[in-house]
Amino acid sequence: MRWIGVIRIVVIVCTLLATWVFVERIFSSSWEAASLHKLFEKSGRADIVSKKIHRKCGNENDCPPNYFAFKVISGAANVVGPSICLEDKILMSSVKNNIGRGLNIALVNATTTELIKTGHFDMYSGDVKDVQAFLEKIKDGTLIFTASFDDPATKLDDKTRDLFTSFGSSYAKKLGFRDSWTFVGGKGLKTRSPFEQHLKNDKQNNKYDGWPEVLEISGCIPRKMGE
Ligand SMILES: *[C@@H]1O[C@H](CO)[C@@H](O)[C@H](O)[C@H]1NC(C)=O
């Protein structure tokens with residue numbers, strides 16, 4: 001009788017041990033890592049791939065919270081039109097059919113990213129008064145996205161250049177015939193904009209016969225907070 005009792009206890013202990021090992025395997029982190037990962041591998045991969053392909057505006061990096069992703073591309077010679085993207089929305093492009101030779105400008109609310117309006121101004125044979133009137137009406141707290149196409153400067157006068165300079169531009173003063181120019185400024189900005197590029201039309205260095213290389217600027221603009 002005594003021996004039977006001892007054997008019973010041994011059997012019970014062995015069963016408990018086996019159960020514990022089994023349970024421990026199921027819930028161990030290595031099991032989870034191996035099997036759960038396999039289970040969700042497909043969706044996990046799709047997620048990573050889509051992130052790689054789809055950053056806002058096709059940019060290389062995501063923007064931190066309260067920053068807007070943007071990309072501005074100037075026109076290529078007099079052939080391919082410029083494009084302006086903000087928060088993954090194309091504001092101006094050939095496809096949108098709202099661009100033209102000269103200066104292409106999109107005005108955006110710096111607090112909400114809402115598009116206020118767009119305009120394109122022929123600087124080779126247009127009237128500079130049109131772009132002047134457009135720029136003079138801009139209210140404080142507006143972002144000004146600008147891309148050149150073909151010739152941004154022939155008709156540009158000092159008054160209009162000064163307006164761009166007041167939005168933070170460093171190159172508006174020097175802009176010349178068929179130069180490439182991309183610029184993001186702000187009305188009420190107290191400093192030079194860090195988002196600007198300029199390439200002189202220069203026969204020795206031009207990428208195309210009569211025009212310099214396309215310019216592209218992209219990055220993250222901090223949201224305007226409060227007033
Ligand atoms: C931007 O939007 C805010 C909220 O609607 C508005 O109060 C502000 O006046 C707008 N600013 C501009 C420059 O349009």
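Predicted model: local features only at pLDDT ≥ 70, side-chain atom pairs only at ≥ 80, totals over all residues.
## Ligand shell and disulfides

Sorting the shell around the ligand by residue type gives one nonpolar, four polar and one charged residue. The residues in question are Asn109, Thr112, Ile116, Asp140, Gly141 and Thr142. Taken on its own, the ligand has 360 Å² of accessible area, and the protein covers 47% of that.

Average pLDDT for the chain comes out at 83, with 76% of the residues scoring at least 70. Residues 22–44 are another story: pLDDT there is below 50, and the stretch has five contacts in the model beyond near neighbours in sequence.

Now for the disulfides, of which the structure holds two. One of them joins Cys57 and Cys85. The torsion about its S-S bond is about -85 degrees, so this disulfide is left-handed. Cys57 and Cys85 are 28 residues apart, and the pair links distant parts of the chain. Cys57 belongs to the loop between helix H2 (29–53) and strand E1 (67–73), while Cys85 is in strand E2 (residues 83–86).

Here are two of the atom-pair distances side by side:

| Pair | Distance |
|---|---|
| Cys57 sulfur and Cys85 sulfur | 2.1 Å |

Conventions: Residues numbered from 1 in each chain as written. Heavy atoms only, no water. Near = heavy atom within 4 Å. Areas by Shrake-Rupley, 256 points an atom, 1.4 Å probe, with all protein chains shown as cover. Nonpolar A, V, L, I, M, F, W, Y, C, P; charged D, E, K, R; others polar. pLDDT = per-residue confidence, 0-100. Contact = heavy atoms within 4.5 Å. Disulfide = S-S within 2.5 Å. Helix = DSSP H or I, 4+ residues; strand = E, 2+ residues; numbered from the N terminus.
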